[in-house]
Amino acid sequence: MLGGRPLRSACVRSFASQAPRSPHRPWPNPTPLAQLRSTAARSPFCSPRRAPLAHRKLHAETLKTEKLSPNQHRLIFLVILTGTLVIGGDLIYFTFYHEPVAATLTPEDFRRFKLAEVFPVTHDTSLFRFTANLPQADSPAGIPVPSHVVVKDHTCQVARAYTPVTYARSHFDLLVKKYENGSVSRFLHDTPVGDFVEMRGPIVTLPYEANSVADIGMIAGGTGITPMYQLIKRILRDPSDKTRVTLIFANRTPADLLLFNELEILAAAKPERLRVIYTFDSAGGAIMSDMQSKPYSIGLIDKTIITKHLPPPELGREAAVLVCGPDGLVKHVAGAKPNEGDQGPLGGLLKELGYEARQVFKF
Ligand SMILES: Cc1cc2nc3c(=O)[nH]c(=O)nc-3n(C[C@H](O)[C@H](O)[C@H](O)COP(=O)(O)OP(=O)(O)OC[C@H]3O[C@@H](n4cnc5c(N)ncnc54)[C@H](O)[C@@H]3O)c2cc1C
């Protein structure tokens, strides 16, 4: 008995008696009962109230010696203080100062991207650089091109598509024209640098395969240049892609021209693969001095300019014409595009010139 409870010596005995014995290594003698008793009495789980008097005294002595010295108190206080300061500091840092890891784009759900910089390009168009963590563009596991992202104005839950002109590892750039009465374009232009904007993507606009056609003609108006620019860069960067591209780029005036330097650099590097022809609704004052040596025309895009520069419809499967721009330009050139997922019937100048619907794509 210990403290009024029977010791389970029977169990100890029966376990010892059942244990296999080796002739070389004799099984140790079972712990003597007396030793078990004194061990149990010293055990911290043993209640001193139930223990014999001698053991209770011993327990009291032990408690006395376990009292903390002032130095130990100070040490514990310091440890608690340090812990509190470290945890509190971390909380303040992560709440107010920590820069969240840049997000990556996913087509499925909206994520927040930080507006890192804004570069004004023309009187109504700016380039918006967003910090991101992206895979290599054009690589097999990377960002597909041509593709767009969907930008949400979280203040009114309206979303619009925009085609990044750059997908880099650490950022992507949107070239956005501001419509004074527009929703999302105005929201983007009013967003201060450092704020976050919700976006999802990339969403493939046109599945493109290298060398699927020999000649691509492009007709772009204003910010409609963005998917064309993406595709041109992809084609020219890929050494296995031998496709030739001719771009007719329409703007209201030379002052509205977008990506002029970028296009000129690409065309100068591979003149046999890329030609750019500029058209302006009106000269709008002096034509930029840079334009003097470039092929350009004044007036709306017409049959003459298309026939002169774009691959002819007779090339059949070897020719494609891509069109992107304001609704008026798309309708004038290729017939209206009713909505996002619907190309609508081919119409306009391209139809009159004999192109087939399968040769034409409206972004
Ligand atoms: C695949 C794709 C890629 C695109 N890429 C780009 C890009 O790279 N860059 C770019 O700048 N744009 C791009 N766009 C266009 C862009 O998605 C938006 O349509 C554009 O920015 C206008 O959107 P918003 O919300 O600012 O204007 P909205 O609110 O849609 O208004 C657009 C225009 O319509 C007028 N309007 C609005 N409501 C009315 C009304 N009730 N009655 C009459 N007029 C009205 C506005 O005044 C404005 O002029 C792309 C479009 C698509 C489909």
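Visitor: In which strand is Pro202 found?

Guide: Pro202 is found in strand E7 (residues 196–204). Numbering starts from 1 along each chain as its sequence is written. The model is predicted: local features need pLDDT of at least 70, side-chain atom pairs count only at pLDDT 80 or more, and totals for chains, interfaces and linings use all residues. Helices (H or I, at least four residues) and strands (E, at least two) are DSSP runs, numbered from the N terminus.

Visitor: Which kind of peptide bond joins Gly201 and Pro202, cis or trans?

Guide: Start with the general idea. Most peptide bonds are trans, and most residues other than glycine have a negative phi. Now this case. The bond joining Gly201 and Pro202 is cis, with omega about -5°. The bond from Val145 to Pro146 is also cis, and its omega is near 0°. Pro146 sits in the loop between E2 and strand E3 (147–153).

Visitor: Are Asn211 and Leu259 buried or exposed?

Guide: Count C-beta atoms, placed from the backbone. A residue is buried if 20 or more others lie within 10 Å of its own, exposed if 12 or fewer, and partly exposed in between. Asn211 has 11 C-beta neighbours inside 10 Å, so Asn211 counts as exposed. Leu259 has 22 other C-beta atoms within 10 Å, so Leu259 is buried. Over the protein's 363 residues, buried ones make up 26%.

Visitor: How do I read burial along a helix? Which residues of helix H9 are buried?

Guide: Think in turns. An α-helix has 3.6 residues a turn, so residues three or four places apart point the same way. Helix H9 covers residues 327–334, and its buried residues are Leu329, Val330, His332, Val333 and Ala334. Down the axis of H9, these fall within an arc of 165°, so they line one face of the helix. The arc is that of the directions from the helix axis to the C-beta atoms. Asp327 and Gly328, on the other side of H9, are exposed. Just after H9 comes Gly335, with a positive phi of about 90°.

Visitor: What covers the buried residues of H9?

Guide: Contacts tell you (C-beta atoms, placed from the backbone, within 7 Å). The cover includes strands E8 (215–221), E9 (244–251), E12 (319–324) and E13 (360–362), along with helix H10 (348–352).

Visitor: How many strands are in the open sheet with parallel pairing, and in what order?

Guide: Pairing needs at least two DSSP bridges between two strands. The parallel sheet has 6 strands, in the order E11-E10-E9-E8-E12-E13. The twist averages 15° from one strand to the next. Strand E10 (residues 274–280) pairs with E11 over 3 bridges. There, Phe280 stands opposite Ile298 of E11.

Visitor: And what is the strand order in the antiparallel open sheet?

Guide: That sheet has 7 strands, ordered E4-E3-E7-E1-E2-E6-E5. E4 and strand E5 (164–167) stand at the edges with a single partner strand each, so one side of each has no neighbour in the sheet. Here the twist averages 35° between one strand and the next. Strand E2 (residues 125–131) and E6 share 7 bridges. Leu127 has Leu175 in E6 as its bridge partner.

Visitor: Which residues are closest to the ligand?

Guide: Being near means having a C-beta atom, placed from the backbone, within 6 Å of the molecule or strand. By that rule 19 residues surround the ligand, and Tyr179, Asn181, Gly182, Ser185 and Thr226 are the closest. Strand E4 (158–162), strand E6 (171–177) and helix H5 (184–190) each supply at least two residues of the shell.

Visitor: How many shell residues are nonpolar, polar and charged?

Guide: The shell divides into 7 nonpolar, 9 polar and 3 charged residues. Ala, Val, Leu, Ile, Met, Phe, Trp, Tyr, Cys and Pro count as nonpolar, Asp, Glu, Lys and Arg as charged, and the others, Gly among them, as polar.

Terms used: Contact = placed C-beta atoms within 7 Å. Axes fitted to C-alpha atoms, helices over the stretch in contact; angles between N-to-C directions.
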